[in-house]
Amino acid sequence: MTPAHQTESLAELVCSNTFKSVEPIHAHGLLKAEMRLLGGGSIVLQAADEARIPGGSALAVDRVAFAAGVETRVLAHPNITLVREEVSELPSPGIVATGPLTSDALAGAIGSRLGVQSLAFYDAIAPIVSADSLDYSRLFKASRYGKGGGDDYWNAPLTREQYEAFVAALTAGEHYVPGHEVDRVPYFEGCLPVEEMAQRGIETLRFGPMKPIGLPGDAYAVVQLRQEDRAGQMWNLVGFQTRLKTGAQQRIFRTIPGLEQAEFLRFGSIHRNSYLNAPAALTPHLSAKDDAQLLFAGQLTGVEGYTESAVTGMLAGINLARLLAGEEPALPPPTTMLGALYRYLRETDPARFQPMNANFGLMQPLDPPVRDKFKKKEALAERALEEMRRFAVAIGSQAKAWAQQGTAPRDSDSPGPPFRVGTP
């Protein structure tokens, strides 16, 4: 257990309950499509598909059902032994994939072995409110641009006066400051606390999580609530990760229209995420420089996001199997989203390195370039999927048969080598 976790489940989602878009013309949707080509038996995507709940074009899940689905698959695998104890030494051969937190003992072992200090940033969690406590007469249902079911989100519209008062309350709200380290370590720009965004200017939130674009009506700003569970009993304030104290959260968030009597099932909070300076400390396939069979994966390497963490774990497993078989590790080309992420992790200037989400800006540019933004993303996605199919065949793994047949495997299709799973 870490300060960010509330259960002992192997795949507890401590932040958002969404794996983001499933559409290939979006970066995270493309990464999922590549993930299915690379290894159609991904237990993460299988569990997510089974636990899916309404979320527009996003792969939103019931977090309890998702964690149970992953754990069931892990425990049922004949070649996996689950060991529930703290890991304080680096295994070789092995994969270190701690996240979102790494214990002090293991962090010390990593720092000592790699000769670099583990870095850290603070990742904030958005609050969840009870469906029964919402005033639906002040809300409206709609998905941005009508995506998904068209009405997957509850939306709270704000007038200009309400919005400006809300921003003022956020900037004045009392928040937790976990020591002086928070002043030295930057937040991840893709997951800023809502009060931090408010302090960057009066219009920042209105062009961020509170943008009214793509929604019906003429609201000046909008707060969206996303379903957290299958039964629709819990709703997440989208983009409202926060470090406000619980009293301030209740007072300020209850000024949102429709949330005047909101019951908070989970308050927003803040926790530390540890990550390595990958371009300085690791090889291109994310192993220790003095031991190719000691691999690192997931958020610890500097990727940010559930899908990114899961797919780097998949590739680490493939490469460790290749190394144990006497083969060289393999990396997909930067024309794929996964390959582009790995290129970022190995080629970024170590002095400017920060965690990174999947995004089209990482990918090898089109030649010739395409001006239309939508067509550009379509072309990048089409090229990436074709390149990933070729890569899956080229690495000579079980993925070769899946790519050739165009079918996803059953859980039993790829038993793989034995692994021991421990807690960070």
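Q: If pLDDT is the predictor's confidence in each residue, from 0 to 100, what does the chain average, and what percentage of residues score at least 70?

A: The chain averages a pLDDT of 87, and 88% of its residues score at least 70. This is a predicted model, in which local features need pLDDT of at least 70 and side-chain atom pairs count only at pLDDT 80 or more, while totals for chains, interfaces and linings use all residues. Residues are numbered from 1 along each chain as its sequence is written, and side-chain values use heavy atoms, with hydrogens and water left out.

Q: In what order do the strands of the open sheet with β5 stand?

A: Strands (E, at least two residues) and helices (H or I, at least four) are DSSP runs numbered from the N terminus, and two strands pair if DSSP finds at least two bridges between them. Here 3 strands form an open sheet in the order β5-β15-β14, with mixed pairing. Its edge strands, each pairing on one side only, are β5 (94–96) and β14 (287–288). Between β5 and β15 (residues 291–296) the sense is parallel, over 3 bridges, and G94 has L294 of β15 as its bridge partner.

Q: Which helices lie across β5 and β15, and at what angles do they run to β15?

A: Axes are lines fitted to C-alpha atoms, for helices over the stretch in contact, and angles between N-to-C directions run from 0 to 180 degrees. Helix α4 (residues 104–114) lies across β5, β14 and β15, and runs at about 145 degrees to β15. Helix α10 (residues 306–324) lies across β5 and β15, with an angle of about 165 degrees to β15.

Q: With which strands does β11 pair, and in what sense?

A: In a regular strand the side chains alternate between the two faces of the sheet. In this model β11 (residues 234–237) pairs in the antiparallel sense with β7 (residues 128–130) over 3 bridges, and I128 stands opposite N236 of β11. Strand β10 (residues 221–227) also runs antiparallel to β11, joined to that strand by 3 bridges, and Q227 stands opposite W235.

Q: How many residues lie between β10 and β11 in their hairpin, and which residue in the turn has a positive phi?

A: The hairpin of β10 and β11 has 6 residues between the two strands, and in the turn G232 has a positive phi of about 70 degrees.

How values were computed:
Contact = heavy atoms within 4.5 Å.
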